Amino acid sequence: MTGHSHSLHHAARRPLAVVLGITSVVLVAEVVGGLVSGSLALLADAGHMLADVGGLALALGAAVLAGAPATDTRSWGWRRAEVLAAALQASVLLAVGAAVLIEAARRLVSPPEVASGVMLAFGAVGLVGNLASMAVLSRAEHGRGNLSLRAASLEVAADALGSVAVLVAAAVVMLTGWLRADAVASGLIGLFIVPRTWRLLREAVDVLLESTPRGMDLSEVRRHILEVSHVRAVHDLHASAVASDLPVLTAHVVVDAECFRDGHAPALLDELQHCLAGHFDVEHSTFQLEPPGHSEHERDAHA
């Protein structure tokens, strides 16, 4: 499992670096375009991209750290770095989305003049960059649960929508002269960012709080363990995730006393671990096999 995880994070570095470069170029272009045209939609998208550049840099750094080997002081290495990076990215994006919505509301009341032609040109540059980044990340993210890649994909998707909104707003202003189209486009960008980013933040926080991984039902896990021959009871059953792609599970399993006398315990342990890996995709499980009555000697045992 460790080798697979290290290769996953190593594979994430190149696409993140490529997307970081593309996003940085588009950011500069949109800031220039927003200042020249006076478009809030362009500046909102640029502000979002500024958060993206910081987030992608964090994700890239986290991917490098996550591939570092474990040590005696960090038994899981830096595997949780990608979760911390995703949580920070999501927090910044939420702030950007809220700021865009507030400014969009202000501009709906009092819309300023915008240069629609300049806005259109720079919006097109942004969209081309976003589509290139989406192509890079879609190949890298396929079949993986890495939160940093997911956060980056979410950011780029929001950028692409923002660029489309900029183009539509520019076309509306150019064709009809309705200046509030710029504020409406900005509001749509903010409305796209906030709920999706909130879900990502919640998922990252769940990992940090060591909540049961999404999609895993501990009652089902308990039922499968109890169905294994010679198993009498299960207690202190815990499941969490060290990182988004590394679920772990521990349990105390009460088994028939003769399993310790006839040498059956090792085979029983193999069966339990194969059960977890096969049914619940948990390859890192730790079981403490106990004879009946042993739990009476344990402190603070849980159900």
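**Salt bridges, a pocket and a patch**

Modeller: Arginine 80 forms a salt bridge with glutamate 210, and their closest N and O atoms are 3.9 Å apart. Keep in mind that this is a predicted model.

Biologist: Where in the chain do arginine 80 and glutamate 210 sit?

Modeller: The pair links distant parts of the chain, 130 residues apart. Arginine 80 is in the loop between helix 2 (40–66) and helix 3, and glutamate 210 is in the loop between helix 6 (180–208) and helix 7 (218–226).

Biologist: How many salt bridges does the structure hold?

Modeller: The structure holds eight salt bridges. One of them joins the side chains of arginine 106 and glutamate 103, at 2.6 Å from N to O.

Biologist: What separates arginine 106 and glutamate 103 along helix 3?

Modeller: About one helical turn, because arginine 106 and glutamate 103 are three residues apart in helix 3. Arginine 106 is partly exposed at 48% relative accessible area, and glutamate 103 is partly exposed at 22%.

Biologist: What about arginine 232 and aspartate 256?

Modeller: Their side chains meet in a salt bridge, 2.8 Å from N to O. This pair links distant parts of the chain, 24 residues apart: arginine 232 is in strand 1, and aspartate 256 is in the loop between strand 2 (246–255) and helix 8 (258–261).

Biologist: Is aspartate 256 buried or exposed?

Modeller: Aspartate 256 is buried, with a relative accessible area of 13%.

Biologist: Which residues do salt bridges with shared partners join into one network?

Modeller: Glu103, Arg106, Arg107 and Asp182.

Biologist: Changing topic. Which residues line the second largest pocket?

Modeller: The lining includes Arg80 and Glu210, the salt-bridged pair we began with. Also among the lining residues are Leu65, Trp76, Trp78, Ser240 and Val242. The space in this pocket is about 210 Å³.

Biologist: What is the lining made of, by class?

Modeller: Six nonpolar, two polar and four charged residues. Helix 3 (81–109) and strand 1 (231–243) each supply at least two residues of the lining.

Biologist: How far is leucine 208 from serine 240?

Modeller: Leucine 208 and serine 240 are 9.2 Å apart in space, C-alpha to C-alpha, and 32 residues apart in sequence. Leucine 208 is found in helix 6 and counts as partly exposed, at 31% relative accessibility. Serine 240 is one of the pocket's lining residues.

Biologist: And the surface? Which residues form the nonpolar patch?

Modeller: Leu108, Trp178, Val184, Leu188 and Leu191 form the patch. Together they have about 460 Å² of accessible area.

Biologist: Which helix gives the most to the nonpolar patch?

Modeller: Helix 6, with three residues. Valine 184 is found in helix 6 and is partly exposed, with a relative accessible area of 33%.

Technical notes. Residues numbered from 1 in each chain as written. Predicted model: local features only at pLDDT ≥ 70, side-chain atom pairs only at ≥ 80, totals over all residues. Heavy atoms only, no water. 1 Å grid on protein atoms, 1.4 Å probe; cavity = no way out; pocket = protein on both sides within 12 Å on 5 of 7 lines; lining within 4 Å. Points joined across faces, edges and corners; volume = space filled by probe spheres on them. Helix = DSSP H or I, 4+ residues; strand = E, 2+ residues; numbered from the N terminus. Nonpolar A, V, L, I, M, F, W, Y, C, P; charged D, E, K, R; others polar. Salt bridge = Lys/Arg side-chain N within 4 Å of Asp/Glu carboxyl O. Buried < 20%, exposed > 50% of the residue type's maximum accessible area, 1.4 Å probe, protein only. Patch = residues over 30% accessible without salt bridge, like charges linked within 9 Å, V, L, I, M, F, W, Y side chains within 5 Å. Areas by Shrake-Rupley, 256 points an atom, 1.4 Å probe, with all protein chains shown as cover.
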